[in-house]
Each structure stands twice: as structure tokens, then as C-alpha cells.
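Thanks for coming, everyone. I'll keep this brisk. Please have a look at the structure first.

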Amino acid sequence: MKNDKPDSLGEFKLIQQIKLQAGTAEHLLLGIGDDCAIQHQATDQQLLTSTDLLIEGVHFDLRWTSLEELGRKSVAVNLSDIAAMGGTPLSLFLGVACPQRLSSDELLQFTRGFLSEAEKYSVVLAGGDTCRSPGPLMISVTVQGCCRRGRAILRSGAAMGDAIYVSGTLGDSALALQQLQRGEVPTRELAVRHHTPQARVALGVQLAEQGLASAMLDISDGLLGDLGHIVESSVVGAVIELAKLPLSPAFRTAVEKNPQLIDLALSGGEDYELLFTSPLPDLEQRSELSPAVTRIGTITATCEIECCQSDQSLYQCARGGFDHFS
Ligand code: ADP
Ligand code: MG
């Protein structure tokens, strides 16, 4: 990276700073500083790998997201993919393309947030790449994790009659974003769900270890769109009961004022909750599952997704899920 700003550390010193912040882990035999990281892998485990891109102006807006929050969020959304397989995250790799207008100090605010979130899950930063961007800030995060051999929960395992569950509450992040885009100030409860979502890693591991879920993914592009992935992969259909959607008190208050906002819970995106199916109908009662899960519907044979209202009439969601290419 060219040393462009008076306060800029230059690429080498910057990476040194990141390395100092990054810490170590038992499985990481060689971390930041060589051409590759070297990691130990247990023979009874399988390696899970996932990558996410976060592009300024597409995935985040620095007008209302701080660099520290962005660092935290970029870890959480990535770990959410490991959670969605029922895996345990181990190592992160961070690619940053940084525009001229951001100083080294500002980039280190980002990595501080990134590393504080990683530490919460005992995940280590094992490597990455750093360069200047002629355009927006671009972040690429790769996570590696593990699961017991054959225990990963795929999207393709749902069967007719399975119950459909979701963790936590839906729509909070999308409602916060809608308010921010309109120049309104979301309540703290909603804002937190948008700026610093939590990866449901512990819940994913519980579901995998106890063999409770037949299919699973994390909701990043909206409930209906992501349920569509399970339905398509499993070659089944689904009925969702609108009245059963888990909503936070803040979201419920907003929907009472404007009933159309329910569409944000159906297709808003960035919930990062786990959506899964199970042959077991009583998982709501399992107090050991955290966060609690709510049964929202049932897998059917129709190859369609239907949204049922309390009077049994069908509800048509006006919004599509998020699609970068549509
Ligand atoms: P190379 O020229 O082999 O790509 P670099 O100079 O880019 O090496 O990187 C040196 C070391 O620093 C490598 O171990 C790399 O993984 C690590 N690294 C570079 N950028 C980052 C970053 N943003 N986060 C974490 N590690 C990084
Ligand atoms: Mg490099």
C-alpha cells in the first residue's frame, strides 16, 4: 500500500499493528507474517470455509455506521455462515481495499472492532491482504471453522411435515435501516440489531451436536427469500403463519402504527437469525436453546411458500428479498 497520507503508517507497519492486535490460538501454528497461515486440523473434523464481501455504498454506509461497528459487523455476518452449518468458527482472513481518504488510524479503528468481535467467539485473525482502493472501502472476510465429520447441517435436508423454526426476532435490522435512510433516528434496540448483529454460533452448535435440525441457513436476505433456498434445495414447499413471526417489542410497536411494515420481517434482510427445519415439533419448549426459537410454520409438499393469516387467507408480501443482480 502506498504511503499517501501524512499520518499513514504504510503497508508494512500497518500489518505489524494488525498482527500485534490479532493474538494467537492453539490451532494456529503460524499466523500473520508469512506467505500462508498454518493450522492444525483434527482428523475427526471437517473444515468449513465461507467468504463475504462488504462494499461501501452497497453493504454499508459510513454516514451512519462507525468503522468500529463495521469491523464488528463484518465478523458477525461471516461467522453467521459457520453458525448456519452448525459449525465452530476458528480463523478469520481479512482482505481490505482502503480508499485514500481513510487514514491508518481509521483503518485500525475498523480492525479493533473486527478483533473485539472475533475475540468474543474465540476466533483468531490468521491472515489477509491490504491494499489501496481507487474507489470505495471494500472488505473481504473469509472464515474457517470445523464441525464433526458428517454433522454439518445443509439447506437440502428438509422433509414434508418438518416444523420450521427461527431464532430471535425478525425485521429489526431492516426497520432500523429504513429509518436511517429516511433521516430518522431508530431506537437503540433497533439500531443495535442493524449495526452490530450477533452470530448465533452457540445455537448452531447445539442444533448440530444434538441432531435437532434437518436443514438450516442464516437469514441474510430476508425470511421468504432464504426459506426459498431451503425449499428449493430440499424440493419441498412451506407454509408460514404470519401471526407466529417473532417480533421485538420495538418492531411490534412500529407494525401497530403501520401494518405494512410486517413485510420487513418477511423480506427485509440482515436479520442474521438461524432459520431451520426439524422433525421435532416441540423445540420452542427447550429452554436450553439460546436465543429461544419460534415455530413459524411447516414444510409441505407443494414446492411453494405460502404465508397464512389468522383467518387462513393467504398474505402476499409486497417486497421481494434482496438480490444484488435484480
Ligand atoms: P504477500 O505479499 O505474501 O501477500 P503481504 O505483505 O500481503 O504478503 O502480507 C504479509 C502477511 O500479513 C501475511 O501473513 C498476510 O496474511 C498478513 N496480512 C496482510 N494484510 C492483512 C490484514 N488486513 N489482516 C490480517 N493479516 C494480513
Ligand atoms: Mg498480500
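Let's begin with a question: in which loop is Y272 found? Y272 is in the loop between α9, residues 262-267, and β10. Keep in mind throughout that this is a predicted model.

Why start there? Look at the backbone. Most residues other than glycine have a negative phi. Y272 is not a glycine, yet its phi is positive, near 50 degrees. Is Y272 buried or exposed? Y272 is buried, with a relative accessible area of 9%.

V235 belongs to the loop between α7, residues 223-234, and β9, residues 237-241. V235 is exposed, at a relative accessible area of 61%. So we have Y272 buried and V235 exposed.

One more backbone point. Most peptide bonds are trans. Between S290 and P291, however, the bond is cis, with omega about -5 degrees. P291 sits in the loop between β10 and β11.

Next, salt bridges. How many are there by the rule used here? The count is 10. I'll pick out a few.

Start with E273. The side chain of E273 forms a salt bridge with that of R193, at 2.8 Å from N to O. E273 is in the loop between α9 and β10, and R193 is in helix α5, so this pair ties together parts 80 residues apart in sequence. Both ends are out of the solvent by our cut-off. Buried here means under 20% relative accessible area. E273 is at 0%, so it counts as buried. R193 is at 17%, so it counts as buried as well.

E273 has another partner. R200 also meets E273 in a salt bridge, again at 2.8 Å, N to O. This pair links distant parts of the chain too: R200 is in the loop between α5 and α6, E273 in the loop between α9 and β10, and they are 73 residues apart. R200 is buried, at 17% relative accessibility.

For contrast, take E241 and K244. Their closest N and O atoms are 3.2 Å apart, in a salt bridge. E241 is partly exposed at 33%, and K244 is partly exposed at 40%.

How do α4, residues 172-181, and α5, residues 188-195, cross? Their axes come within 7 Å and cross at roughly 100 degrees. The two helices are therefore roughly perpendicular to each other. From α4, the contact residues include D172, L175 and L180; from α5, they include L190, R193 and H194. Sorted by class, the contact has six nonpolar, four polar and two charged residues.

Last stop, helix α6, residues 201-209. Which of its residues are buried? They are V201, L203, G204, Q206, L207 and A208. An α-helix has 3.6 residues a turn, so residues three or four places apart point the same way. What covers the buried residues of α6? Among the elements are helix α2, at 67-83, and the strands β4, β7, β8, β10 and β11. Just after α6 comes G211, with a positive phi of about 60 degrees.

That's my tour. Questions are welcome.

How values were computed: Residues numbered from 1 in each chain as written. Chains lettered and ligands numbered in written order. Predicted model: local features only at pLDDT ≥ 70, side-chain atom pairs only at ≥ 80, totals over all residues. Heavy atoms only, no water. Buried < 20%, exposed > 50% of the residue type's maximum accessible area, 1.4 Å probe, protein only. Helix = DSSP H or I, 4+ residues; strand = E, 2+ residues; numbered from the N terminus. Contact = heavy atoms within 4.5 Å. Axes fitted to C-alpha atoms, helices over the stretch in contact; angles between N-to-C directions. Parallel < 35°, antiparallel > 145°, perpendicular 65-115°, else oblique. Nonpolar A, V, L, I, M, F, W, Y, C, P; charged D, E, K, R; others polar. Salt bridge = Lys/Arg side-chain N within 4 Å of Asp/Glu carboxyl O.
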